[in-house]
Amino acid sequence: MIQVEQLSKFYGARAAIRNLSFRIDSGEVVGFLGLNGAGKTTTLRILGGVLLPTTGTVRLDGQDMMSAPRTLRARIGFLPETPPLYEEMGVGEYLAFVAALRGVEPGRVRSRVVETEERTGLAALDRERIASLSHGYRQRVGVAQALVHGPEVLLLDEPANGLDPVQNVEMRGLVRSLRGDHTVLVSSHILPEIAQTCDRLLVIRDGELVAQGSEAELEERLGVRAGVELEIEGPAEIIAAALRAVPGVRAVGVEPAAGGRALLRVEASDALRPELARVAVGAGARLFRLDVSTDRLESLFLKLAGRGASA
Amino acid sequence: MSAAVLIARRELRAYLRTMTGWIIVAAVLLIDGLLFNAFALEGARPSTEVLTRFFYFASGPTMVAAIFLAMRLLAEERQLGTLPLLYSSPVRDRDIVLGKFLGALAFLSGLTLATFYMPLLILVHGHISVGHLLAGYLGLLLLGAASLGLGTLGSSLARTQVVAAILGAALLVSLLVSWLLAAVTEPPFSGLFAALALHNAHFPAFQSGQVHLRDVTYYLLVTWVALFATTRVLEARRWR
């Protein structure tokens, strides 16, 4: 369990973070959300032992990071915003170096490297030089170096930074797969990205924690209406009427979409998605897409992290 | 294996796998060879004097090589964003500095020993003592280690390798020319500045085949102070 209390970091008179307090329980996957410059990286660097705070404490299972820094750093895996890679090394060689540096016994280093490579999809690249890897694979090696010593806590600073959509999906899958085995704190400035991955969100704005909770809790607190979008072909008004009859649906809007299709915007909880799909198809719809409303996520993000907004 | 040894091994491999390391080796061997041929072998001299001149002329390229080898040690880590890997590992800052220094020292030692073919030529064609040979190489290694320490300190202070090399060179030259200050100051400062001179005050004994404890102590002390200061710089960076 990570306990952060009254954490502040000042650069001269400017506060990068101010009086941050939060707690992350063992096995949780928590998203750290904020705009660029909000203080996410500074916080993660302090938790990772790279930076020292101006004031405040960080405790891991009750032990203070300041009083036992090296012992605790061995229990933490940290992926900085730029993956710290030695380009002249091979992937396996690099991971073996990191594992040994972080205290893995010499006899277990190779098995840890193999296990980590399999988990992060790098098994085929064991002998590949890091300099020759694509951006996506470099990010994976970055995650692998944070994982290789089997840490209890993983701190991932924008792991999907600069990835293409396919790599992004793969990275989300990788982060999701860490649930249960590790306590994960993953930062991002893209809400949909971490909303799909995390159990809970911590929202930081101008160095201060402005909200925390699950996506649903935050929506409720901020009065953001949950919504689902369906892209269909078929008798749109009849299908909309059928959807309005589903218990829990507050309203359904119909808009034309490309290719003669219709976009139905349904004000309802995410949990109703299977039921909405069944009813729409039953009413004669050919369903092309069903998704959480992007408008809603954007609205939530702006309310949470946007400058001048209040949570 | 200790963290310092692990880091040292990685550093050594980095020198062996990148062009920079080999360019420095080639440049130093070329310059050493040219200086040896042009100045040490010039005219008819006793073998011992030729060997003394070889060590004298080899000392300059050794110091320059040390600065160029050291410039990347910490500045490159900052430039490439790899320093957080070391900072977030359960490693003491002094082990990071020591590991980096030892890796560079191992490479510099290999480079210095690669010049052995020149004294070997003197040995084959003339008469020199093994003691003179060992003392000279010990001097080169100690001078190289001290220069490397100063270069490492310069590298810890800089964001780029070019600035690191300039800072390292400035520190090195400050100690090299401190005898100039000795000439224009009164005792006890003149004595202090004269004793601090990195080359003039301490290397001539080695190049002549003599090993004095005060010279060995001086070079070890310069190296230790530079590495100690580098460790403090690294520790201070955790606050920034």
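A word on what you are looking at. This is a predicted model, where local features need pLDDT of at least 70 and side-chain atom pairs count only at pLDDT 80 or more, while totals for chains, interfaces and linings use all residues. Residues are numbered from 1 along each chain as its sequence is written, and chains are lettered from A and ligands numbered from 1 in the order in which they are written.

Now, the sheet in chain A. Helices (H or I, at least four residues) and strands (E, at least two) are DSSP runs, numbered from the N terminus. Two strands pair if DSSP finds at least two bridges between them. Six strands form an open sheet with mixed pairing, in the order β6-β7-β8-β3-β9-β10 (chain A).

Look at β3 (residues 29-33) and β8 (residues 183-188) of chain A: they run parallel and are joined by five bridges. One pair to find is Leu33(A) with its bridge partner Ser188(A) in β8(A). Helix α1 (residues 40-47) of chain A packs on this sheet and touches β3, β7, β8 and β9 of chain A. Contact here means that C-beta atoms, placed from the backbone, lie within 7 Å.

Over to chain B. The axes of α3 (residues 47-70) and α9 (residues 161-176) of chain B come within 9 Å and cross at roughly 145°. Such axes are lines fitted to C-alpha atoms, for helices over the stretch in contact, and angles run from 0 to 180 degrees between N-to-C directions. Among the residues that meet are Met63(B) and Phe68(B) in α3(B), and Ala165(B) and Leu172(B) in α9(B).

Finally, where do the chains touch? Chain A brings 25 residues to the contact and chain B brings 18 residues. On the side of chain A, α2 (69-73), β6 (76-79) and α3 (91-101) each supply at least two residues, and α3(A) gives the most, with four residues.

Conventions: Contact = placed C-beta atoms within 7 Å.
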